[in-house]
Amino acid sequence: MIMSNFSLMIGFAMRDLFKSRAMFTLVVASIAVATTAIIAINSILLGFSGMLTEGNRGWMGDIVITSPNDDEPSIEQIGVMEEQLLSHAHVRSIAPRSYSASSLKMVGGERWIQPYRVIGIDVQKEQEVTTLRDKVIEGDFLRVNGSVNQAVVGLLVADFLVGAPYDGIRAHAGDEFTVRAGSGETKRYMISGVIDAKTFLPNLLLYVEKD
């Protein structure tokens, strides 16, 4: 009974549609446009999701562990924690990092800038966890057992170090700059490479050898 009523309704609907070719064409076109829009929107959303996921994993890894105490940012017994995590079959590698808030300026310059963070990395372990090495657009990434006076800067940091922001002028590999820690201590570094991670935050960071 239900199927017969449904068939009858479809018959009336199709009859009315075929009475007006213009109406039939508009309905078909509307359905086609709506279907295309749904597919396109889903593709765009999947693309953004994939880009954000890959961007975060590319510079942070899969899981980030931080200290639960804001007043004590370092993780106690980090060596023991590393051993315990690496004992799990699905943990491939761990890359410890150090974070600091510091100011930078070009050697001979007068203007200090402040990147989002200065990050100290273990170069060997870092390349086993993230893909930052593959994001270098100029120069080279930090090398294992390389010079401790070299640094890698994000693209925005390189831009802010020289000239005005977004003016197309930036620092380059081989340029030297000074880092001033919160304690007032300063140290000179040379830019070994510039990275463009295609996401906002990594390009505002400065990477140095952890030791």
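This is a predicted model: local features need pLDDT of at least 70, side-chain atom pairs count only at pLDDT 80 or more; totals for chains, interfaces and linings use all residues.
Good morning. I begin with the second largest pocket, which is lined by 19 residues. Nearest its centre lie Val118, Val179, Lys187, Tyr189 and Val208.

Which elements each supply at least two residues of its lining? They are E1, E3, strand E7, spanning 186–195, and strand E8, spanning 205–209. Sorted by class, the lining of the second largest pocket comprises eight nonpolar, six polar and five charged residues.

Is Glu209 buried or exposed? Glu209 is buried, and yet it has no salt bridge. The nearest side chain of opposite charge belongs to Lys210, at a distance of 8.1 Å. For comparison, a salt bridge here requires a side-chain nitrogen of Lys or Arg within 4 Å of a carboxyl oxygen of Asp or Glu. As to its surroundings, and leaving aside residues up to four places away in sequence, Glu209 touches Gly120, Ile121, Asp122, Val123, Leu142 and Val148.

Let me now turn to the largest pocket. Its volume is about 1400 Å³. The lining of the largest pocket consists of 44 residues, and those closest to the centre are Ile63, Val64, Ile65, Ala95 and Arg97. Several elements each contribute at least two residues to this lining: helix H2 (21–60), helix H3 (78–86), strand E1 (97–100), strand E3 (117–121) and helix H4 (123–129). Which of the elements gives the largest share? That is H2, with five residues. In terms of residue class, the lining of the largest pocket divides into 21 nonpolar, twelve polar and eleven charged.

The chain contains five helices and eight strands. Read from the N terminus, the order of elements is α-α-α-β-β-β-α-β-β-α-β-β-β. Of the 211 residues in the chain, 27% are buried, and Glu209 is one of the buried residues. As for contacts between residues at least 6 apart in sequence, 62% join residues at least 24 apart.

That concludes my remarks, and I welcome discussion.

Technical notes
Residues are numbered from 1 along each chain as its sequence is written. Side-chain values use heavy atoms; hydrogens and water are left out. On a 1 Å grid over the protein atoms alone, a cavity is a set of points where a 1.4 Å probe fits but cannot get out, and a pocket is an open set with protein on both sides within 12 Å along at least five of seven lines; lining residues have an atom within 4 Å of a point. Grid points are joined across faces, edges and corners, and a volume is the space filled by probe spheres set on the points. Helices (H or I, at least four residues) and strands (E, at least two) are DSSP runs, numbered from the N terminus. Ala, Val, Leu, Ile, Met, Phe, Trp, Tyr, Cys and Pro count as nonpolar, Asp, Glu, Lys and Arg as charged, and the others, Gly among them, as polar. Buried means under 20% relative accessible area, exposed over 50%, partly exposed in between (1.4 Å probe, protein chains only). Lys and Arg count as positive and Asp and Glu as negative; His and the chain ends are not counted. Contact means heavy atoms within 4.5 Å.
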